[in-house]
Amino acid sequence: MAFITSLIAVVMAFFIFFVRMKASEKPTNAKKIILPPLFMSTGALMFIDPVFRVTRGELIEAVILGLFFSLFLIKTSKFEIRGNDIYLKRSKAFIWILLGLIVIRLGLKTYLGRTIDYRQLSGMFYLLAFSMIVPWRIAMYVSYRKLAAQLKPPVLT
């Protein structure tokens with residue numbers, strides 16, 4: 001089971017990388033920034049089943065680690081104006097950060113998997129990912145809105 005879930009994580013990382021590269025070729029909008037965390041939030045339904053629930057300490061650890069990792073994603077996500085559209089800039093560091101996050105995730109999973117049930121560990125990694133993605137997307141949205149305001153002509157009153 002651990003091997004399969006680890007393999008899925010690696011495949012997802014490569015999927016994210018290719019989606020990100022494609023995204024930099026097309027203009028972005030607020031909906032493309034806001035919707036992924038909203039879609040991901042449905043994963044919280046796993047906590048309806050008690051076997052996925054985590055302790056308060058595990059919750060705090062997962063959220064703090066997620067917030068820390070989000071800083072790297074925020075740092076590598078910049079926008080630029082091309083013509084009358086806003087594009088996500090390609091970042092050479094993004095792939096390395098993504099690979100680093102996968103290596104750290106696999107290491108943590110191997111280490112923590114010895115003492116924490118894999119279902120509880122799944123809940124922890126969901127919380128880590130969600131607490132990483134939400135601040136990242138909020139920062140992206142704020143950055144996007146600043147650039148979008150530059151595109152609109154000033155209103156004269």
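Across the whole structure, a search finds 5 aromatic pairs, where rings of Phe, Tyr and Trp (its six-membered ring) pair if their centres lie within 6.5 Å, with planes under 30 degrees apart counted as stacked, over 60 as edge-to-face and the rest as tilted. One of them joins Tyr126 and Phe130, and this pair is stacked because the ring centres are 5.8 Å apart and the planes stand at 15°. The model is a predicted one, in which local features need pLDDT of at least 70 and side-chain atom pairs count only at pLDDT 80 or more, while totals for chains, interfaces and linings use all residues. Residues are numbered from 1 along each chain as its sequence is written, and side-chain values use heavy atoms, with hydrogens and water left out.

Both Tyr126 and Phe130 belong to helix α5, where they are 4 residues apart, about one turn of the helix; helices (H or I, at least four residues) and strands (E, at least two) are DSSP runs, numbered from the N terminus. In an α-helix there are 3.6 residues a turn, so residues three or four places apart point the same way. Tyr126 is buried, with a relative accessible area of 10%, whereas Phe130 counts as partly exposed at 24% relative accessibility; buried means under 20% relative accessible area, exposed over 50%, and partly exposed in between (1.4 Å probe, protein chains only). Together with Phe47, these two residues form one aromatic cluster.

A nonpolar core is a set of buried Ala, Val, Leu, Ile, Met, Phe, Trp, Tyr and Cys residues joined through side-chain atoms within 4.5 Å. The largest has 28 residues, of which Leu73, Phe79, Ile86, Leu101, Trp136, Met140 and Tyr144 touch the most other members. Two or more residues come from each of α1, α2, α3 (56-75), β2 (85-88), α4 (92-112) and α5 (118-151), and α5 gives the most, with 10 residues. A second, separate core of 5 residues includes Leu112, Leu121, Met124 and Phe125.

Helix α2 can be read in a similar way. Ala30, Ile33 and Pro37 are its buried residues, and their arc of only 90° around the axis puts them on the same side of α2. Their cover includes β1 (79-82) and α5, and the face turned away carries the exposed residues Lys31 and Phe39. In the loop between α1 (2-23) and α2 (30-40) lies Thr28, which counts as buried at 16% relative accessibility. Leaving aside neighbours within four places in sequence, Thr28 is in contact (heavy atoms within 4.5 Å) with Ile33, Phe79, Ile86 and Tyr144.

Key. Arc of directions from axis to C-beta.
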